Amino acid sequence: MNRRSSALARLACLTLLGVAAIPAHDAVAASGISIRDADVSEFPTVRLIVSTQEAVELSDREVEVVENGLAVDVGEVHLLGEGDRVDAVLAIDVSNSMRGRPLSTALAAARTFVAGVPASMPLGVVTFSDEPTVLSPLAEDRASVERAVTSIGDSTSAGTALFDAVATAVGMFDTGSKVQHNLILVTDGRNTTGDADLAGAVEAAKAAGMHVFTIGLAGPTTDEATLRALSRSTGGTYAAISPEELGAVYAGLARGFSSQYVVRYRSKSPLGTAIRTSVHLPVGSASVGFLAPGASGVRTETRAIAETSGFWAGS
């Protein structure tokens, strides 16, 4: 897909989110699987990206797909391949309220994530207090990522430019490539400074096709409503946790990013109708809502980013 086609697809995605009878960001997961993406660009063929909590070997005979209450034939099941790469940026709050144990725990959890994803998965690191700072651009070089995390140390400063951190992460991705972009953002507070606002951060993330996974460390200043809105609007997940649970959260995300499967099926639904699809695997089930293309008088999207409900501690 060229840059212009990708841009048009992302623009159509924004349109879909406002018109779908069943919202694209309406996914439900159970028992450790989630649906990350629904692609209807070749409708009636539907291409789903399904993430599992653990690595499993799946064949089409082990995957059941139900669309609007009716079983449909599964045409293909395989691991996400080279044509659909995955990358991620780690955004870490280094404001004064994170000083001490919360920050040291967040850094340990970040190392857990780095160790848990494939070596070929590009990673980047950005910190934020009064402004965001890119410590390591997206790269497969694990040594540079580990050095970036180590360099954070115990240094903190005043201010929390949370929305600017999202905008900075967007700029780190090659948004013209066919890559699944992810941002994992951990904070214990709320946005207190910077140029961007929630609406601008969400718009930028959507335009880049970036899924934002927000992690709120429990505390009196944690803006759960904003963190939840940021993740829900971009196809990510919000987890409200204690510092002790950070390692489990990052490990769960690493497993989910590493174990993603393409599931293709042929839809039986007419053009322009609301679709609710459920996927049943031996390790769990998940469902997602989206709109089939071709609704009369409505410009519809060819890809629907589905919100995941998550499968880690605190979700």
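Start with H7: this helix has 13 residues and spans 18 Å from its first C-alpha to its last, close to the 18 Å expected at 1.5 Å a residue. The expected span is 1.5 Å times one less than the number of residues. Helices are DSSP runs of H or I with at least four residues, strands are runs of E with at least two, and both are numbered from the N terminus.

A word on the source: this is a predicted model, where local features need pLDDT of at least 70, side-chain atom pairs count only at pLDDT 80 or more, and totals for chains, interfaces and linings use all residues. Residues are numbered from 1 along each chain as its sequence is written, and side-chain values use heavy atoms, with hydrogens and water left out.

Last, the rings. Three aromatic pairs are counted, taking ring centres within 6.5 Å, with planes under 30 degrees apart called stacked, over 60 edge-to-face, and the rest tilted. Phe-113 and Phe-257 have ring centres 5.9 Å apart and planes at 90°, so they are edge-to-face. Phe-113 is in helix H2 and Phe-257 in H7, 144 residues apart. Both are buried, meaning under 20% relative accessible area with a 1.4 Å probe, protein chains only. Phe-213 and Phe-257 are also edge-to-face, because their centres are 5.4 Å apart and their planes at 70°. Ring pairs join Phe-113, Phe-213, Tyr-250 and Phe-257 in a cluster.

Terms used: Phe/Tyr/Trp six-rings, centres within 6.5 Å; stacked < 30°, edge-to-face > 60°. Buried < 20%, exposed > 50% of the residue type's maximum accessible area, 1.4 Å probe, protein only.
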